[in-house]
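Trainee: Could you take one part of this model and go through it closely, giving the criterion behind each term as you use it?

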Amino acid sequence: MLLYLHVPFCRAKCRYCAFYSRPLGRADEAAGDAEETASGVSRKDVGPAGDAAECGRGGPSGDAALDAWAAALEEDIRLWGKRLAEEGFGPASDTRPRAPRLSSIFFGGGTPSLVPPAVLGRILECADRSFGIESGAEISMEANPESMTPEKAKGFKAAGVNRVSLGVQALDDDLLRAVGRVHSRADALRAFDGLRRAGFDNVGLDFIWGLPGESLEAWCRQLEEAAALGPEHLSCYGLMLEEGTPLWNERESLALPDEATQAAMYAQCGDILEKHGYRQYEISNYARPGRECRHNLGYWMGRDYLGLGPSAVSAMRGQRWSQPADLAAWLAAPRGAMPEGELVETLGPREQAEEFIMLRLRTAAGLPLDEYRRLTGRDFIADNAPLIAALEAEGLARIIPAGEGSAIGAEVLAVGGTPDGAGRLVTEEASSAPCAHAAHADRITQTSGARFALTRAGMLLSNSVIAECFENLPDLPENE
Ligand code: SF4
């Protein structure tokens, strides 16, 4: 199972950001470094493996809000481990109920690098006691350059983190200032160097393109520079103006790149990164083969995930729910419990099919036609024939035949299914699905094991393609 842990603290609010976070001062740095020196140990060495009751004891970090968050989070982890064991989510072969083991943990935010490494190590230890962390699990954290000091990089590595996603956003100080980032280009380069020196061999750099005042040339120059640093992964998102943010309020006067420039920024991003050996595996994500983010792939493949911390989202067995998006409200909520009311959503057949279409069409691997048939009882090609023909004619999409290699590396495939002999993604359900739509049996036979995928140019239109696929969905029952 995937575990997402939300860190609700940031040094300051970026001008484009609509995520939930609250300010945390600089005092945390000194406290974090001091604690780390005091512990300076690996996750496995944090203490003798006791039982899960050890979780939730918290400890001083120098910030009362952070301490309260960490203690409540540990308590949540412990109680959710117990609950999921009792509800039968664990391995079926075990004689006593056990929590599902964790194949991935992701600290997102907010700014997880504001958390002292010793505190983060304690949380991981709690997750190991409560669920069990698989050997070789991906343990990721997001980090911001200004709070990822060389000492902290060493501390996070010792605590058990093995993948870092560094929020660089731009390698240009004017652009960084324009969107209210509190770090500089030099901070980003120093943080990356510190991570490498600490021994991290799986580092991603996160960028935003289309910033106010950014030219196509400036974007390409930054990408070339980023690729030359040799990270394992790059995330490149187009700037979104979110309602209620300072940038949204100034939208009329912002010098944003026009639509054609934005399209060129997206296209050249793919070309430049491919030239440097990266493969696009999702609309906004590129990786060296085998270094795709397994946690995010798990989301896109529809795996169960538990999200804990303010505003975190969980999805399991056809239900999706969110934690309160406010630290005080989240702290006041009962621990280890499902939220109530509008924070919980039950996904009916239609919502599940829409979710599947939306997530899979974002990936380069595409939408497995067999799985669509299993979910809807229908044929994707027949349901979307005119749309597919138009997209194929323009080079915006294609049917990838069974047997043609996937864009996802073999070592990553184990997350969402099992690779067959030809390197295709085959989930257990899909491979055993009966054909329920006899009218198109010939075409289905030809496309069994095949996928429908947008090309890079087609991904630019993904929102409208997905909307049209929704419209073409048959009348599946919605959740009442
Ligand atoms: S650091 Fe990230 S989460 Fe925090 S305000 Fe900036 S964009 Fe938002």
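Mentor: I begin with a helix pair and then turn to the ligand and a sheet. The model is predicted, so local features need pLDDT of at least 70 and side-chain atom pairs count only at pLDDT 80 or more, while totals for chains, interfaces and linings use all residues. Residues are numbered from 1 along each chain as its sequence is written.

The axes (lines fitted to C-alpha atoms over the stretch in contact, with angles from 0 to 180 degrees between N-to-C directions) of helix α2, residues 64–86, and helix α3, residues 117–130, come within 9 Å and cross at roughly 10°. The two helices, α2 and α3, are therefore roughly parallel to each other (angles under 35 degrees). In contact terms (C-beta atoms, placed from the backbone, within 7 Å), Ala70, Leu73, Glu74, Ile77, Arg78 and Gly81 of α2 meet Val119, Ile123, Cys126, Ala127 and Ser130 of α3. By class, that contact has seven nonpolar, two polar and two charged residues.

Around the ligand stand Cys10, Lys13, Cys14, Cys17, Phe19, Ser21, Gly109, Gly110, Thr111 and Asn144 (C-beta atom within 6 Å), a shell with four nonpolar, five polar and one charged residues.

Finally, an open sheet of three strands runs in the order β15-β19-β16 with antiparallel pairing (at least two DSSP bridges between two strands). Its edge strands are β15 (367–368) and β16 (397–400), each of which pairs on one side only. Strand β16 pairs with β19 (residues 451–454) in the antiparallel sense over four bridges, and Arg398 has Ala453 in β19 as its bridge partner.

Technical notes:
Angles under 35 degrees count as roughly parallel, over 145 as roughly antiparallel, 65 to 115 as roughly perpendicular and the rest as oblique. Two residues are in contact if their C-beta atoms, placed from the backbone, lie within 7 Å. Ala, Val, Leu, Ile, Met, Phe, Trp, Tyr, Cys and Pro count as nonpolar, Asp, Glu, Lys and Arg as charged, and the others, Gly among them, as polar.
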